[in-house]
Amino acid sequence: MRYDKIWLDARLVTVNPAAAGLGIIERGAIAAKDGRIAYVGRQADLPGGWSATETVKLDGRWVTPGLVDCHTHLVYGGNRAHEFELRLAGASYEEIARAGGGIVSTVKATRAASEDDLVKTALPRLDHLCGEGVTTIEVKSGYGLDQDSEIRLLRAARRLGRERKVDVVTTFLGAHAMPPETTDKDQFIAQVCAMLPAIIREKLADAVDAFCEGIAFSPEQTARVFDAAKAAGLPVKLHADQLSNLHGARLAAEHGALSADHLEYTDEEGAAAMGEAGTVAVLLPGAFYVLREKQLPPVDAFRKHGVKIAIATDSNPGTSPITSLLLTMNMGATLFRLTVDELVAGVTREAARALGRLSDIGTLEAGKWCDLAVWDIERPAELVYRIGFNPLHQRIWRGA
C-alpha cells in the first residue's frame, strides 16, 4: 500500500465508538490517501510493503480528530461590549433584549455591513478557532432577519470555507429574534418560511434552526419552521430551554432534530425524548458563564437516557464572545461537571454527530476525512485542565 502521507510514533485518541473510553492506541500510526484516512492503528500492524510520499515522526505526540465547533454565530456586524457593561451593572439578558438591545442591536449593525465586511471581520475569529485545532465549524445566520440580509450572511459563511482550510457547515436561523420593523410573530414566521426556497436554490444552508423561548418564538411557531424545513429536505436543530422550560427539547426530539442546544431548563421528559430520538444535546457553557446563569443543564438525566453530549463555543457577540474551544472544554468540566472523556468526545465525535457529519469526521477511522490535531501534551486531560494555554503542535486538514 502506498500512502500520500503517514504519521508514525503517535498516541492516537481515536474516539472510536466501538472501543472503550476514548479508544486510545499507544505506539500508533495514521496514514492518508486522497485526503482520507487510509490506515489507523498500531504501528506494528501496518500492512507489509507500505510506503508513503511523506513520512512524519511524531515522537510520541498525541493525535485527536480535528476539533468540531458545532454551534457558532461567527458572522455578524459590530459588537456588544456596551451590553456587557450593562449586565455588569445588573441588567438581565431579557431586560436588554426588550429594550432594543441584544440580538436586534447586532441585526442593525449586520444589515449595514457588506458581504466583504462580514467575511473580513469573521476571519480573525475563525483563525483563532482553527489555531486551536478546529477543522470543522458550524456557522448560523440569524442576524439579518430579512431575506436579503440572511442570504448575505450565509454567503459570507460559505466564503469562510473558501478563504481558509476548514469545513464550514451553515445553518439558516431566520427564526432567531423579531426584526425591529415588525411585532407580529406569526407574520414573521411566515416570512421566515418563505425565505427557504431562495436559500435552497443557492445551496446556502445545510440545516435550519430556531430559537424557542419566551423572548423569541413559541413551540407552535417553531414547529411551523420545522415543517417548512423538512418539506424542503433540510434537517433541523433548536435553541431550546435556555431561559425557561417550553419543552423545546421534547419538540426537537419529536421533529427528529439533529440537536437541541443550551438546555439549561430541560426536564426529565425532554431528556428521555431526546435519548429515544437520537437528538444530540449541545451544551454551551460559554453563554452560561457570560450570563451568570444558575440553572445547570440536566447532565445526569442526559447520561441516564443515553443522550449524546456535544460541547460548542456558541461564539457570538452578545452572550458568548468566545473563540476558544479549549476554554469551552474547561468550562464544561468546571461548570457542568463533565468528564474528560465526555468533553474530548464532545468536541469531536458527538459534535460531528450534532452536525450530521459523523460518517465523514469526528473519529479516527479508515475512510473518514484525515482531519487531525496533533498535541504537545502528556495526557488528554491537559486539553481540559489547562486554562489560557494552547498545546497544538500541528493542525491537519484533509491530510495536509
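**View 1. Arginine 36 over the face of tryptophan 369.** In this predicted model, arginine 36 lies 3.8 Å from the ring centre of tryptophan 369. A charge counts as sitting over a ring if NZ of Lys or CZ of Arg is within 6 Å of the ring centre and within 35 degrees of the ring normal.

**View 2. Phenylalanine 188 and phenylalanine 217, a stacked pair.** Rings of Phe, Tyr and Trp (its six-membered ring) pair if their centres lie within 6.5 Å; planes under 30 degrees apart are stacked, over 60 edge-to-face and the rest tilted. The count by this rule is 3 aromatic pairs. In the pair shown, the centres are 6.1 Å apart, with 20 degrees between the planes. Phenylalanine 188 belongs to helix H6 (residues 185–201) and phenylalanine 217 to the loop between strand S9 (207–212) and helix H7 (219–231), so the contact ties together parts 29 residues apart in sequence. Helices (H or I, at least four residues) and strands (E, at least two) are DSSP runs numbered from the N terminus.

**View 3. Phenylalanine 288 and phenylalanine 336, an edge-to-face pair.** The ring centres are 5.1 Å apart and the planes meet at 80 degrees. Phenylalanine 288 is in helix H10 (residues 285–290) and phenylalanine 336 in helix H12 (residues 325–336), 48 residues apart. Phenylalanine 288 is buried at 6% relative accessible area; for phenylalanine 336, also buried, the value is 6%.

**Notes.** Residues are numbered from 1 along each chain as its sequence is written, and side-chain values use heavy atoms, without hydrogens or water. Local features need pLDDT of at least 70 and side-chain atom pairs 80 or more, while totals for chains, interfaces and linings use all residues.

How values were computed: Buried means under 20% relative accessible area, exposed over 50%, partly exposed in between (1.4 Å probe, protein chains only).
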